[in-house]
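The exercises below ask the reader to work through a protein model step by step. Please keep the sequence and the 3D view at hand.

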Amino acid sequence: MIQRANVEQMKSSELLRLARVLKLPILDRKIARESLVDKIMVEIEARNKREFIEMKLNSPAIKIENLIKRFGKKVAVWGLNLKVNPGEIVGLVGPNGAGKTTTLRILTGIIKPTSGSVEVDGYDMLDNPIPAKSAIGYIPEKPTCYPSLTVREYVTFMARIYEVPNEIALVRMRQFVDMFQLDEYLDSYIGTLSKGNLQRALLVGIFVRDPPYVLALDEPIYGLDPRGAWNLKAYLRQLRDEGSAILISTHILEVASDLCDRFVIMNEGSVVGRGTLEELLASQKEARSLEEVFLSLTGGIPE
Amino acid sequence: MKPSTFRIIRNEIQMLYNQFKQAITIPSMLLFYGVTLIGVFFVSLVVSSLLSFAPIISQLGTLLETTIDRGMFFGAFAILSASSVITGYFGLGPAAIITSEDENLLLPAPVKPYQIFLGRYTRRIVRKMAFTILGILAIFPLLLSANILFFSIIFILFCMIIFFETNYFLGAMSSYIRLYVGQRYKSPLRYIVVILIGLVMLIPAIPSFTSTFTVAYVFPSNAFALVITEMTGVFALDVPFLLGAGLQLMMYIICLLLTASITGYDYYEVFSASKGSEEIEGRFSKVIRGNIDFSNSRFNDPTVWIMLKDFWSRLRSPFQIWKYIYAVVGMIFVLYLNLFHPVWFRPLVVPPDLAFAVVPAFVLMLILLVQMSSLTSMLSFVDEKDNVYLLKASPFKSKDIVLAKFLLSFMEVGIAAIPACGFLIYIMRVEGYLALITLAAPLVILFTATGVAVGAYVPVMTNDPKTLPVPLAFSYPIINLSLGTAMVLVVAVFADSLLVLIALPVYVLGLTLFFLASAVRALNSYK
Ligand SMILES: Nc1ncnc2c1ncn2[C@@H]1O[C@H](COP(=O)(O)OP(=O)(O)O)[C@@H](O)[C@H]1O
Ligand SMILES: [Mg+2]
């Protein structure tokens, strides 16, 4: 859905590009910005009436059953069950090496489970990977991206791969480039970006698609500065309210406790606790905060 | 073609174009490209003015026909196919084209594995074509002097690329066979399969299939051999050579499509498994991070310590072991050849009219062989991957680091060069070869130093220390070729006086010190 406010954000050159994509006849040599925006909005609303279908995720958006993953003899994930419904943010927390990254890599279809099943948006990841993957947005633990593309080229490429219509891609690119303050890097090569800006570019690459998404975010806050983190958290809450399903892996408990609706606590590949903050506090009598719940479930609270 | 395949291909070409744009705007990259092209052009100009190739080329045919027979000729190409099938069997197959960027972007995206493969492959072939064209321009003087039709050279090169690409696909398919067999049978006997498919590649070269034009010519190795025989007239069957090229092209397309169709999700797994093992090695070389490890070790000399670390961490990679095995087996074999002169392996008999070319050819071969053995020295810094920054940040002097890399590479290059030189002595009986072969030692020293220097420049030019930029990789042999030829010239000029005993060491040691100093400089100016 394209909002007027987002179209107004766009630079003049981008507006002209958008008008061309929408095949608007522009006859005057000069056109006032306002009237161009008006024309564009009229066309977009006409299109919305014709072909707009509300996108909704199937429920549950993520369904993991009896997931086991071995690397040789090493057991990385043991018997994981996990469901995330649309409109939920679930935190996957656990110490280093608990199996969080492995779980997310299986969820996104990068690696296969040793046994067990994974469904995304109602499609089985092994039998029906293409529709399952088209809902997924993934931020890897170690962000990497093609170094010889510019940010703009990368975002455009992602829009093409996920078959986002051009007009939506143009408007959303501007919206999120502004949200994550990437404007000055839009035409820099990704290979020259700092870690935090690379992460922002990856986020723009996801959000250029229309929501709802099934987000698999592996330590997404880690490389961002306070403003970027704040913007991301605010936008994640908005996405949740609009019906996306979000699974965040983190070991930063502040992030988890202020963002997530539910928690799944992993240790050495197995789930050692799950539920809302209240449920977890009730189950662990001696614990007074999420931090203490976490510590007592993963090896005891140090004296 | 599905739209997303097209989109991926378009993106690959965009990246290639951007890389090109970046390369021609970075002065040091441009410098290395320039050195390479002008160097090749210059070398080929010199060589073609010294030697007239036309008589050699015209006699090559008869030489070939008298020394080897038709079966051996076809066999040689079949062996190339067989070896790529065998190495392909143990390789990653199509998973080798997946990068860690793909892992995070395209693997979780709604695209099929074969689309990623086609995109990456298109880029590979476009890149290869561009370099071939540049290469042909650079050796233009040589082509002119050889008096061969320009068109025929281009055509043979084109067919050769197709042949090698087809072999690459055959290797990829053989990796698929391993995957398939490995999923169904666990017994170690399953490795018999690799011998079988290797044999399948050899069978079509049997003379009874190739002595007349038969169906066996659809095999890529036979088809390529046919192109050569029919174009040169050596062992010709009087079939139009375009027929061979057509068969080659057909098989190439079939193999391309087959490889695309076997590229499935299983290869994501193969890729991530290969990456896992890489990380273990990385962890091993991270030992360097802790000062405790270092101060606890018995070796207080940083040079020795880096050498030991490199030696052991390299030994962990499966490839390294084979290098040592090759060195030992190669040395024994070469000793055997030189001592017993077995009848089944005779040295080359050079016809009298070509005798004038044999000493230059020997020296050129010597330079080339040492050059090939010294490739590892270029990797001594590249193999550190990102740890090269750790190494630099560690409390060692840059010159100790460079010295350590140089000494270990020197040993490795030395043991790789010995069998090669022994083989050269045996196969090309040249008068005074003992004097000539001693030149191998200064060549090894010099080439190791240039290799270390070129390798040290990688992180100066890019911020990805694990991939060797193309211009560096290409300029390395050219620099060596020029330095080696210049060294031979120095020796030739002073050969009659005792001055050679001064001139040669001054030349070699001077340049060696110069390159090691540049390596130190490079280390101090990392991006
Ligand atoms: N490719 C791999 N090969 C071997 N072991 C692995 C691989 N990936 C992860 N592991 C192991 O699996 C365990 C879980 O790792 P991971 O999922 O990365 O944990 P987390 O993200 O929770 O820190 C670790 O012990 C890790 O060493
Ligand atoms: Mg992790």
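This is a predicted model: local features need pLDDT of at least 70, side-chain atom pairs count only at pLDDT 80 or more; totals for chains, interfaces and linings use all residues.

Residues are numbered from 1 along each chain as its sequence is written, chains are lettered from A and ligands numbered from 1 in the order in which they are written, and side-chain values use heavy atoms, with hydrogens and water left out.

**Exercise 1. Describe the contact between chain A and chain B.**

Step 1. Take contact to mean heavy atoms within 4.5 Å. The contact then draws on 32 residues of chain A and 33 residues of chain B.

Step 2. Consider the area. The size of an interface is often given as the accessible area lost when the parts come together. Here about 3,000 Å² is buried between chain A and chain B, and carbon and sulfur atoms give 56% of it; buried area is the accessible area (1.4 Å probe) that two parts lose on being put together, summed over both.

Step 3. Look for paired charges. A salt bridge is a side-chain nitrogen of Lys or Arg within 4 Å of a carboxyl oxygen of Asp or Glu. By this rule there are four salt bridges across the interface of chain A and chain B. One of them joins K112(A) to D266(B), with 2.6 Å between the closest N and O atoms.

Step 4. At least two residues each come from helix 5 (129-134) and helix 6 (151-161) of chain A. Helix 6 of chain A gives the largest share, six residues.

**Exercise 2. Which residues come nearest to ligand 1, and why is the site shared between chains?**

Step 1. Count a residue as near if one of its heavy atoms lies within 4 Å of the molecule. Of the 12 residues around ligand 1, the nearest are G97(A), G99(A), K100(A), T101(A) and T102(A).

Step 2. The site is shared because residues from chains A and B surround ligand 1.

Step 3. Locate the shell. Strand 2 (74-84) and helix 4 (100-107) of chain A each supply at least two of its residues, and helix 4 of chain A gives the largest share, three residues.

Step 4. Examine the oxygen atoms of the ligand. An oxygen atom of ligand 1 is 3.2 Å from a side-chain N or O atom of K74(A). For polar backbone atoms, the distance from a ligand 1 oxygen atom is 3.1 Å at A98(A) and 2.9 Å at K100(A).

**Exercise 3. How many salt bridges does the whole structure hold over all chains?**

Step 1. Side chains of opposite charge can pair when their charged atoms come close. The search finds 29 salt bridges over all chains.

Step 2. Take R4(A) and E8(A), whose side chains form a salt bridge at 3.0 Å, N to O. Both residues lie in helix 1 (residues 4-8) of chain A, four residues apart, about one turn of the helix.

Definitions and conventions:
A polar contact is a pair of N or O atoms within 3.5 Å; within protein, one must be able to donate a hydrogen and the other to accept it, and residues adjacent in sequence count only if both atoms are side-chain atoms.
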